Amino acid sequence: MDIAIEPEIAARTGSDPTVPELFRIGRVKNETEDTFTLQLLPVAETTRISFLPGQFNMLYMFGVGEVPISISGDPADTSRLEHTTRRVGVVTKAMGLLRPGDTIGVRGPYGSHWPVTEEDGRDVVVVAGGIGLAPLRPVLYHLMSQREKYRKIVLLYGARTPEDILYKRELERWRGKFDLEVQVTVDRGASGWRGNVGVVTPLVSRAPFNPSNTIALLCGPEIMMRFAVIELQRRGVPAERMFLSMERNMKCALGYCGHCQFGPLFVCKDGPVFCFDRIASIFNRGEI
Ligand SMILES: Cc1cc2nc3c(=O)[nH]c(=O)nc-3n(C[C@H](O)[C@H](O)[C@H](O)COP(=O)(O)OP(=O)(O)OC[C@H]3O[C@@H](n4cnc5c(N)ncnc54)[C@H](O)[C@@H]3O)c2cc1C
Ligand code: FES
């Protein structure tokens with residue numbers, strides 16, 4: 001059966017968007033007990049690296065399977081890719097065994113992106129939960145590189161425990177160097193933890209930003225995003241300035257198979273980043 005390939009997809013991934021390109025593992029960094037970051041270097045000289053913050057790749061563990069993983073590295077760095085992954089099942093556990101020099105298949109980048117380049121001059125509130133900080137990290141790199149174009153930048157981040165906080169050193173460095181307001185909360189504290197304990201919603205209610213001139217970017221468990229949206233709305237941030245990254249099971253990432261359907265939308269093509277005003281009517285319906 002012939003499948004018509006949409007030109008923009010073909011352009012992004014070479015002539016056949018279903019065929020992965022080969023990458024070699026550069027560095028492996030253990031971020032937490034169950035989460036690691038892989039640095040991926042292209043094997044072929046012809047492979048180009050270019051993506052927008054918020055996009056994802058399909059990573060193929062040969063002989064095991066393929067999974068969607070957001071790109072977590074710096075969009076200005078065209079020499080390598082970075083992906084931060086939590087071990088949850090068959091493919092991600094196999095990926096966690098990769099070592100420098102091993103190879104992996106990559107196709108992409110796919111999907112929509114965080115809209116920051118169009119939103120200069122505003123306050124930016126970033127709300128992340130758990131591994132949800134990984135898809136937001138490229139946008140934080142972008143914001144830091146263009147710091148003078150934005151007003152307040154606030155990161156509100158919830159993790160399970162202090163040991164589960166991702167990119168700790170980087171967050172501390174950004175806070176000191178780039179005037180980034182970082183507030184972290186954990187579900188369960190530990191001895192020596194002097195920060196917030198509890199869910200992220202109270203941080204949203206207290207955070208220093210001007211709701212009438214704010215763009216909000218959210219990624220994390222849906223229950224967390226649901227409560228954060230309610231609090232952002234209560235503070236007066238309009239639906240058209242809230243953006244959420246959604247996850248659904250994926251197979252093709254090309255809009256063919258329907259596995260990622262979200263109401264009338266496909267997360268792989270229409271998302272993963274959606275403006276809240278586009279999905280508000282389906283976001284609160286658990287069965288979708
Ligand atoms: C657009 C997009 C971007 C993503 N970005 C990242 C990322 O940057 N880092 C990352 O670690 N993960 C990310 N994910 C989730 C990742 O794709 C899944 O964790 C992965 O597909 C699981 O595959 P597996 O074979 O290891 O687990 P499986 O063997 O398929 O599943 C093992 C267990 O995990 C559960 N599970 C499977 N998929 C998910 C999921 N999406 N969310 C929660 N539980 C799940 C299953 O229900 C099952 O209980 C993303 C998903 C999408 C759709
Ligand atoms: S993953 Fe196949 S249509 Fe989205």
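Author: Let us begin with a contact between two side chains: those of Thr 37 and Thr 84 are joined by a polar contact of 2.8 Å. A polar contact is a pair of N or O atoms within 3.5 Å; within protein, one must be able to donate a hydrogen and the other to accept it, and residues adjacent in sequence count only if both atoms are side-chain atoms. The model is predicted: local features need pLDDT of at least 70, side-chain atom pairs count only at pLDDT 80 or more, and totals for chains, interfaces and linings use all residues. Residues are numbered from 1 along each chain as its sequence is written, chains are lettered from A and ligands numbered from 1 in the order in which they are written, and side-chain values use heavy atoms, with hydrogens and water left out.

Reader: Where is the place of Thr 37, and is Thr 37 buried or exposed?

Author: Helices (H or I, at least four residues) and strands (E, at least two) are DSSP runs, numbered from the N terminus. Thr 37 has its place in strand 2. Buried means under 20% relative accessible area, exposed over 50%, and partly exposed in between (1.4 Å probe, protein chains only). Thr 37 has a relative accessible area of 5%, so it is buried.

Reader: Which residues does Thr 37 touch?

Author: Contact means heavy atoms within 4.5 Å. Not counting residues up to four places away in sequence, Thr 37 touches Arg 27, Val 28, Lys 29, Glu 31, Ser 72, Glu 82, His 83, Thr 84 and Tyr 167. Thr 85, in strand 5, is buried at 2% relative accessibility. With the same exclusion of residues up to four places away, the contacts of Thr 85 include Asp 34, Phe 36 and Ile 131.

Reader: How is a pocket read, and what is the volume of the second largest pocket?

Author: On a 1 Å grid over the protein atoms alone, a pocket is an open set of points with protein on both sides within 12 Å along at least five of seven lines, where a 1.4 Å probe fits; lining residues have an atom within 4 Å of a point. Grid points are joined across faces, edges and corners, and a volume is the space filled by probe spheres set on the points. The second largest pocket has a volume of about 420 Å³. It is lined by 23 residues, of which Arg 27, Lys 29, Glu 31, Arg 137 and Glu 170 are the closest to its centre. Among the elements that give two or more residues to this lining are strand 1 (21–30), strand 5 (81–86) and helix 3 (133–145).

Reader: What does Arg 137 lie over?

Author: A charge sits over a ring if NZ of Lys or CZ of Arg is within 6 Å of the ring centre and within 35 degrees of the ring normal. Arg 137 lies over the face of Tyr 167, 4.1 Å from the ring centre. Likewise, the charged end of Arg 235 is placed over the ring of Phe 209, at 4.0 Å from its centre.

Reader: How many aromatic pairs does the structure hold?

Author: Rings of Phe, Tyr and Trp (its six-membered ring) pair if their centres lie within 6.5 Å; planes under 30 degrees apart count as stacked, over 60 as edge-to-face and the rest as tilted. The structure holds five such pairs. Phe 276 and Phe 283 form an edge-to-face pair, because their ring centres are 5.9 Å apart and their planes stand at 90°.
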